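Please look at the chain as a whole before turning to any single part of it. The paragraphs below go from the overall layout to the cores, and then to the packing of the helices.

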Amino acid sequence: MVRMMPVDRLSDDDVREILRKYRKIALVGASPNPERASNDVMKYLIEHGYEVYPVNPRYSEVLGRKCYPSILNIPDDIEIVDLFVRPKFAMDYVEQAVKKGAKVIWFQFRTYSREAFRRAREAGVTAVAHRCMKQEHERFLGRPGLPKRPLSL
């Protein structure tokens with residue numbers, strides 16, 4: 001079986017290093033609805049020691065944390081911007097991430113925009129695409145008491 005290079009051109013080691021190295025995350029598109037993927041991922045990341053700042057102008061709080069209307073309103077430095085927005089909104093948040101000095105922009109499933117991805121890379125920001133932070137964390141860093149899951153194509 002031939003394995004194709006992912007669109008982000010990052011190796012498993014690259015993704016593992018991102019997950020180990022960076023701890024401050026702006027989670028864009030955060031939702032207080034427990035049925036939403038953004039809520040599940042945010043909760044998981046908090047439980048695994050990440051400092052997560054929810055971003056969504058529609059809410060004042062998500063999972064007990066102050067929710068910010070934009071990345072630029074977050075008072076602390078941000079290392080990763082994790083996107084849970086439609087592709088048509090991705091460019092606005094990539095521009096905010098670049099201004100904020102983020103090191104990584106993570107395009108969750110169904111958030112990828114070729115133009116926004118290209119802009120992130122041109123700005124020198126590592127861009128991760130078509131991956132879920134929670135799934136990649138489970139895969140590379142394991143789940144307590146459970147074996148690491150093999151990569152499935």
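Helices (H or I, at least four residues) and strands (E, at least two) are runs assigned by DSSP and numbered from the N terminus. Counted in this way, the chain has 5 helices and 7 strands, and from the N terminus on its elements follow the order α-β-α-β-β-β-β-α-β-α-β-α. This is a predicted model, in which local features need pLDDT of at least 70 and side-chain atom pairs count only at pLDDT 80 or more, while totals for chains, interfaces and linings use all residues. Residues are numbered from 1 along each chain as its sequence is written, and side-chain values use heavy atoms, with hydrogens and water left out.

A residue is called buried when its relative accessible area is under 20%, exposed when it is over 50%, and partly exposed in between (1.4 Å probe, protein chains only). Of the 153 residues of the chain, 44% count as buried. A contact means heavy atoms within 4.5 Å, and among the contacts in the chain with a separation of 6 or more, 60% join residues 24 or more positions apart.

In soluble globular proteins, nonpolar side chains tend to be buried together. A nonpolar core is a set of buried Ala, Val, Leu, Ile, Met, Phe, Trp, Tyr and Cys residues joined through side-chain atoms within 4.5 Å. The largest such core here has 24 residues, and those with the most contacts inside it are Val 28, Ile 71, Val 81, Leu 83, Ile 105 and Phe 107. Two or more residues of this core come from each of several elements, namely strands S1 (24–28), S2 (51–55), S5 (80–83), S6 (104–107) and S7 (126–129), together with helices H3 (87–100) and H4 (114–122). H3 gives the largest share, 4 residues. To see one member in its surroundings, take Val 28, which, leaving aside its neighbours within four places in sequence, is in contact with Val 55, Ile 71, Val 81, Asp 82, Leu 83, Phe 84, Val 85 and Tyr 93. A second, separate core of 23 residues includes Leu 19, Tyr 44, Leu 45 and Tyr 50.

Now follow helix H5. It is mostly covered, with 7 of its 9 residues buried, and these buried residues pack against H1, S1, H2, S5 and S6. Two packed helices are described by the angle between their axes and the distance between the axes. Axes are lines fitted to C-alpha atoms, for helices over the stretch in contact, and angles run from 0 to 180 degrees between N-to-C directions. Angles under 35 degrees count as roughly parallel, over 145 as roughly antiparallel, 65 to 115 as roughly perpendicular and the rest as oblique.

The axes of H2 (residues 37–47) and H5 (residues 133–141) come within 9 Å and cross at roughly 40 degrees, which makes H2 oblique to H5. In this contact, Asp 40, Val 41, Tyr 44 and Leu 45 of H2 meet Met 133, Lys 134, His 137 and Glu 138 of H5. H1 and H5, in turn, pack at an angle of about 105 degrees with their axes 10 Å apart, and they are therefore roughly perpendicular to each other. Here Asp 12, Val 15, Arg 16, Leu 19 and Arg 20 in H1 meet Met 133, Glu 136, His 137, Arg 139, Phe 140 and Leu 141 in H5. Just after H5, Gly 142 takes a positive phi of about 75 degrees.
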